[in-house]
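Welcome! Have a look at the fold first, and then we can walk through it.

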Amino acid sequence: MYQSKVIGLGKYVPERVVTNDELTNYMETSDEWIRERTGIEERHWVEEGDGNTTAVMGAKAARQALERAGLQPSDIDFIVFATLSPDYYFPGSGVLLQDILDMPTIGALDVRNQCSGFVYATAVADQFIKTGMYKNVLVVGSEIQSTGLDLSTRGRGVSVIFGDGAGAMVLTRTEEKNKGFLAHSLHSQGKYADQLIVKYPSSAFPTQRYFEHLKENPDDTSHFPYMNGNFVFKHAVVRFMEAIMEVLQKAGVSKQEIDLLIPHQANLRISQFVQKQLGLKDEQIMNNIQKYGNTTAASIPIALTEAWEQGKIKEGDLILQAAFGSGFTWGANLLRW
Ligand code: ACO
């Protein structure tokens with residue numbers, strides 16, 4: 001059995017910066033409320049004509065990760081692309097990235113696991129490498145949330161938290177022991193699917209019928225993200241901890257051995273709660289939600305890339321990725337750098 005280790009990281013966020021103050025032009029909210037409840041100060045959103053799509057942004061992050069890995073697109077054997085905001089209903093964004101990067105006709109798999117998408121995608125990529133099926137796998141998380149948000153006061157509980165961006169990671173096979181990904185934890189609870197959801201239009205309520213329905217019910221907001229914020233928050237803090245303790249136990253290491261936690265950037269208060277539970281110092285947790293908001297499947301690879309760029313990661317460090325989100329789905333990956 002092989003191990004898989006990280007050899008390249010990259011990130012991309014659109015140029016347009018949207019401050020909390022700018023949001024007050026569209027809805028009743030305030031910089032103070034957003035900072036206090038979420039920690040977010042600004043986020044990046046795509047803008048008309050900037051050429052960005054979910055796949056395009058993923059490709060920009062991937063190019064940087066490949067360059068840092070010293071690899072060409074043709075060296076990659078497989079793509080795993082995590083997103084909840086694909087370019088199209090179908091096909092997935094992974095195949096579009098394969099085309100943009102002019103890669104050979106390798107396999108491309110989209111992972112639709114929302115905020116825990118990158119944790120799931122990492123675990124999937126690691127299995128392909130561990131079994132020897134592939135040598136180099138590109139794992140991407142990319143999201144464009146801004147184009148699907150309700151920017152009126154009605155949608156403020158959700159819209160102020162989301163940002164756009166992409167992150168990418170190149171994994172490669174290694175025979176070094178106790179290196180690379182040591183354990184994963186993946187969970188779901190579909191019972192709570194409707195607590196954080198974009199419901200319609202869908203196969204259950206097709207577009208044409210939904211448009212007709214909207215004429216009769218113009219206030220229906222089922223096509224915008226709905227989140228029962230408090231309910232999600234309460235589950236998130238419990239599940240984050242469970243997933244983290246599970247991977248530590250699987251790998252036979254203690255929480256005192258964690259060097260760096262990369263939590264999904266959902267809410268600064270959730271991350272601070274987890275930090276306290278684990279007894280981590282400020283420098284042992286990566287928080288960048290202040291600058292980017294919640295970029296769902298892209299938040300972990302963006303945070304991991306930034307931690308690496310800032311010199312916070314060194315050889316032999318024990319690094320944890322953990323996430324919770326819509327589904328509900330949650331999980332964690334434990335990595336020895
Ligand atoms: N500006 C001003 N006031 C607001 C805003 C806003 N943007 N949004 C809501 N409010 C108001 C509400 O209307 C409510 O007013 P009321 O008391 O008069 O009714 C009040 O503020 C409190 O609202 P809550 O929803 O209870 O606020 P809460 O403290 O729960 O914060 C938040 C909301 C930030 C969304 C929080 O619940 C949260 O972070 N939840 C978890 C998010 C998460 O982890 N999501 C998972 C990942 S996302 C994914 O998977 C796609």
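In this predicted model, four strands make up an open sheet with mixed pairing, in the order E8-E13-E12-E11. Its edges are strand E8 (180-188) and strand E11 (260-263), each of which pairs on one side only. On average, neighbouring strands of this sheet are turned by 10° against each other, direction ignored.

- Strand E11 runs parallel to strand E12 (residues 318-325), and four bridges join the two.
- Within this pairing, isoleucine 262 stands opposite glutamine 321 in E12.
- Helix H11 (residues 299-309) lies across E11 and E12, and H11 runs at about 150° to E11.

**Strand E6 and its burial**

- Strand E6 (residues 136-143) has eight of its eight residues buried, so E6 is largely enclosed by the rest of the structure.
- In a regular strand, side chains alternate between the two faces of the sheet.
- Both faces of E6 are covered: one side holds the buried residues Asn136, Leu138, Val140 and Ser142, while Val137, Val139, Gly141 and Glu143 are buried on the other.

**The pairing partners of E6**

- Strand E4 (residues 78-82) and E6 run parallel and are joined by five bridges.
- Valine 80 has valine 139 in E6 as its bridge partner.
- Strand E7 (residues 165-174) pairs with E6 in the antiparallel sense, over eight bridges.
- For valine 140, the bridge partner in E7 is alanine 168.

How values were computed. Residues are numbered from 1 along each chain as its sequence is written. This is a predicted model: local features need pLDDT of at least 70, side-chain atom pairs count only at pLDDT 80 or more; totals for chains, interfaces and linings use all residues. Side-chain values use heavy atoms; hydrogens and water are left out. Buried means under 20% relative accessible area, exposed over 50%, partly exposed in between (1.4 Å probe, protein chains only). Two strands pair if DSSP finds at least two bridges between them. Axes are lines fitted to C-alpha atoms, for helices over the stretch in contact, and angles run from 0 to 180 degrees between N-to-C directions. Contact means heavy atoms within 4.5 Å.
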